Amino acid sequence: DTLRSVDIIACEDTRHSGKLLKLHGITARLIQYHDHNKDHAAPGIVKMLLDGYDVALVTDSGTPGISDPAFVLLRLALEEDIEAVAIPGACAAIAALTVSGLPMDRFAFEGFLPIRVGKRRMRLLNIKDDPRTHIFYESPHRLVKTLSAMREALGNRNAAVARELTKIHEEVIRGTLSEVLNHFGESKPRGEFVIIVEGNTDK
């Protein structure tokens, strides 16, 4: 209903979002807003809002603002006293947590770890003593390296690795970090991943 009611829909990929909107007969104008154009696109979208247009922000998948640049636009809009309304939807981090089998009473979202080995290790060592469950995002070509780095920095903790959540090839692998690594040593990682890692149980 919201997407039918707005004048403009800002999205990561107009072709991707256009297919979904076409299925629902939604004809709002589509404009691109993504990580590569956020700095010059966000002020333009705020101007549209100030001019009286209603604008919706969507992502290719998941929830806007979680590991994407929605916060840049939101911050500018709030500075202009423009109202922002959240519409709950799918979020891979929360979906993976709920099926992980790990504690959910306290958790921390870490997003993507740094690519550089030293920085990645430092981030992991910084959370080593944290008792909360930790949630990470990872791409298929970096998954094994990241899991290995986690085992080295955090120890052989319990973990769950979820892929393609809410899609046809959804899968959740549970076990210790070593067991999960063994699985992906035999089965090539495919799709986008969420890694859930147990917190420090000694605390």
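## Cores and helix packing

The model is predicted: local features need pLDDT of at least 70, side-chain atom pairs count only at pLDDT 80 or more, and totals for chains, interfaces and linings use all residues. Residues are numbered from 1 along each chain as its sequence is written, and side-chain values use heavy atoms, with hydrogens and water left out.

**Nonpolar cores**

- A nonpolar core is a set of buried Ala, Val, Leu, Ile, Met, Phe, Trp, Tyr and Cys residues joined through side-chain atoms within 4.5 Å, where buried means under 20% relative accessible area (1.4 Å probe, protein chains only).
- The largest one has 20 residues, and Val-161 is among those with the most contacts inside it, as are Leu-124, Phe-136 and Met-150.
- Two or more residues each come from α7 (143-154), β6 (158-163), α8 (177-186) and β8 (193-197); helices (H or I, at least four residues) and strands (E, at least two) are DSSP runs numbered from the N terminus.
- Helix α7 gives the largest share, six residues.
- A second, separate core of 13 residues includes Ala-41, Val-46, Met-48 and Leu-73.

**Helix α4**

- Ala-70, Val-72, Leu-73 and Ala-77 are buried in α4 (residues 70-79).
- The buried residues of α4 pack against α3 (38-50) and β3 (55-57).

How values were computed:
Buried < 20%, exposed > 50% of the residue type's maximum accessible area, 1.4 Å probe, protein only. Contact = heavy atoms within 4.5 Å.
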